Amino acid sequence: MTEKKDIIIIGGGINGMAIAGQAARMGLKVVLIEQNDLASGTSSKSTQLIHGGLRYLQQYYFSLVKKALHERSLLIKMAPHLIKPMHFIVPYYKESYLRRFIIRLGLFIYDHLSGHNVLAKAKSIRLNAAPYQSFFKKNIKQGAVYSDAWTYDSRLVVEWALLARQNQATILTYQDIIELIETENGWKVEVQDKLTQQRNTYEAKILVNATGPWVAHFQKQYLTQYPRAKMRLVKGSHLVLKQELPDDKAYLFECADGRVIFLTPYEPGYCLLGTTELEYQGPLDDIRVEPVEIEYLLAAANVYLQTPLTAEDIAYTFSGVRPLLDDGLHNAHQLSRDYQLQLQQSEKGHSILTVLGGKLTTHRRLALDALILLEKIRPSWPIIPHNRAATVRERYDEIIFLPGSEPLDEAQFKKSYSFVPTVILSRYLRCYGTLCLFWLKGKSTLADMGIDFGAGLYQTEVDYLLAQEWVKSIDDLLWRRTRLGLCMDEIDLERLKKYILTAVDSIG
Ligand SMILES: Cc1cc2nc3c(=O)[nH]c(=O)nc-3n(C[C@H](O)[C@H](O)[C@H](O)COP(=O)(O)OP(=O)(O)OC[C@H]3O[C@@H](n4cnc5c(N)ncnc54)[C@H](O)[C@@H]3O)c2cc1C
């Protein structure tokens with residue numbers, strides 16, 4: 001049987017999911033189809049910054065920076081448990097006054113573009129004093145400190161998925177597209193669940209291609225009669241290092257080749273170093289960190305650090321690919337990070353919206369722009385019974401609270417569940433916000449939490465993730481819903497794998 005929807009979205013990264021969430025909130029009937037896990041593409045491989053992008057000022061991308069800074073201020077309010085303000089230190093390495101002046105001017109403009117900013121303005125900082133004097137090389141005495149924000153990318157995607165589902169969207173992961181055709185009634189897609197082999201068919205007048213780096217591949221496979229997007233794929237790699245950073249701050253390092261890299265806090269006891277930027281033409285399902293990238297990142301950071309980072313500090317690495325708009329002019333690191341939305345109409349009057357480029361930071365605005373564009377196409381846009389549409393300006397400024405963002409008295413929370421070790425409770429708050437009450441409510445002893453899988457993971461959390469957050473494999477749980485993959489040992493891993501396999505089989 002074919003299920004009628006208003007909109008079919010292909011791709012469960014941040015952009016597809018934000019469009020799904022916003023469309024569902026407006027009252028549209030939404031189905032989102034993802035070939036693997038939520039956020040399994042670029043949206044779990046980012047530097048985790050919610051930022052305007054200080055370095056984009058060098059390329060004069062002022063309007064992108066301004067738009068992204070506006071988004072930063074809204075996103076911090078929208079999901080305060082997942083998006084947190086962070087201070088970034090830029091050390092002055094070269095003792096040139098001109099260089100210092102340029103950095104200070106850039107930061108002044110950055111603060112200015114962020115408008116009525118709730119975050120602290122940039123200022124100078126002494127780096128040859130505690131707690132930095134043993135972190136930086138002796139010749140680094142001063143720097144600047146500015147504000148930006150940090151997030152947990154894959155969980156941000158999952159929370160948009162939860163919001164979409166709360167508004168009746170159908171979210172399907174691990175799906176193969178068996179057929180995608182256009183009929184008189186719209187786009188008809190038949191999908192098969194990779195795990196259960198179950199098939200479903202959906203039909204809608206609007207099709208959204210939000211497949212990120214796969215965008216051109218998707219067009220080539222299913223939409224051959226429409227013009228192909230001009231994209232360039234740029235790979236970026238990160239190193240997760242077993243190191244704590246002083247003062248919980250993040251660091252921006254200028255590299256000799258004119259690029260910048262970031263060293264930021266990650267999970268407790270770990271930090272993140274990235275990223276490289278290399279043109280990429282390899283396979284999208286097997287993106288690897290090359291030894292030359294590891295060398296580049298360590299060497300670039302070690303220009304600044306008193307105790308050099310080495311390959312032995314590396315706990316984990318990951319690599320992702322940015323789909324960037326090809327302007328035919330710039331190098332990989334100079335290409336614009338802005339997005340473009342391509343709207344096409346078929347001869348039968350059905351719409352296809354293709355999402356090109358973008359940043360994690362601008363996902364909310366991208367989704368709004370996508371819907372504002374689609375609304376204008378009357379033949380395919382549905383009549384929504386309870387249209388909550390406000391003016392465009394009001395919609396641009398609207399704060400959409402994500403699930404888990406309800407206010408919570410942290411001290412009271414920790415007291416109420418004091419039978420759970422504090423380090424685990426802190427992780428719950430960092431990852432889930434108030435969503436953790438879902439499995440904590442009614443529990444009063446550790447025995448109530450079920451099997452102890454090690455690394456602070458109890459059965460109740462696993463059961464919640466299986467039932468509520470589309471977890472179907474161990475990687476979904478250990479690398480995208482949590483980052484416990486960093487600290488789980490082999491024996492616990494095997495036990496958990498078996499538990500998940502049995503649970504997924506029984507659900508299927
Ligand atoms: C190294 C790196 C660092 C970055 N750092 C930042 C940062 O700090 N801040 C920031 O704002 N931005 C950052 N970005 C950019 C940001 O991560 C991306 O813009 C964003 O994640 C792209 O999201 P997306 O939804 O378009 O694509 P994706 O997350 O890749 O999602 C596309 C999805 O489509 C699915 N798909 C593909 N084909 C099909 C199909 N046929 N059927 C079903 N599903 C399909 C894929 O499996 C995938 O899950 C970074 C990017 C990279 C690569």
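**Figure 1. The shell around the ligand in the predicted model.** The shell takes at least three residues from each of domain 1 (2-42 + 155-229 + 337-396) and domain 2 (59-152 + 232-333); these bounds come from an automatic or database domain assignment. This is a predicted model, in which local features need pLDDT of at least 70 and side-chain atom pairs count only at pLDDT 80 or more, while totals for chains, interfaces and linings use all residues. Residues are numbered from 1 along each chain as its sequence is written. Gly 11, Gly 13, Gly 41, Gly 212 and Gly 236 come nearest among the 37 residues around the ligand; a residue is near a molecule or strand if its C-beta atom, placed from the backbone, lies within 6 Å of it. At least two residues of the shell come from each of α1 (14-25) and β18 (314-325). Helices (H or I, at least four residues) and strands (E, at least two) are DSSP runs, numbered from the N terminus. The shell has 21 polar, 12 nonpolar and 4 charged residues. Here Ala, Val, Leu, Ile, Met, Phe, Trp, Tyr, Cys and Pro count as nonpolar, Asp, Glu, Lys and Arg as charged, and the others, Gly among them, as polar.

**Figure 2. Where domain 1 meets domain 2.** In contact here are 18 residues of domain 1 and 19 residues of domain 2; two residues are in contact if their C-beta atoms, placed from the backbone, lie within 7 Å. On the side of domain 1 that touches domain 2, α4 (153-166), β20 and α7 each supply at least two residues. The largest share of this side, 3 residues, is from α4. By class, this side of domain 1 has 7 charged, 6 polar and 5 nonpolar residues. Taken over C-alpha atoms, the centres of domain 1 and domain 2 are 31 Å apart.

Figure 3. Helix α7 (residues 363-375) has 13 residues and should span 18 Å at 1.5 Å a residue, which agrees with the 18 Å between its end C-alpha atoms. The expected span is 1.5 Å times one less than the number of residues. Among the buried residues of α7 are His 363, Arg 364, Arg 365 and Leu 374. A residue is buried if 20 or more other C-beta atoms lie within 10 Å of its own, exposed if 12 or fewer, and partly exposed in between, with C-beta atoms placed from the backbone. The partners of the buried residues of α7 include α1, α2 (62-78), β12 (206-209) and β19 (339-345).
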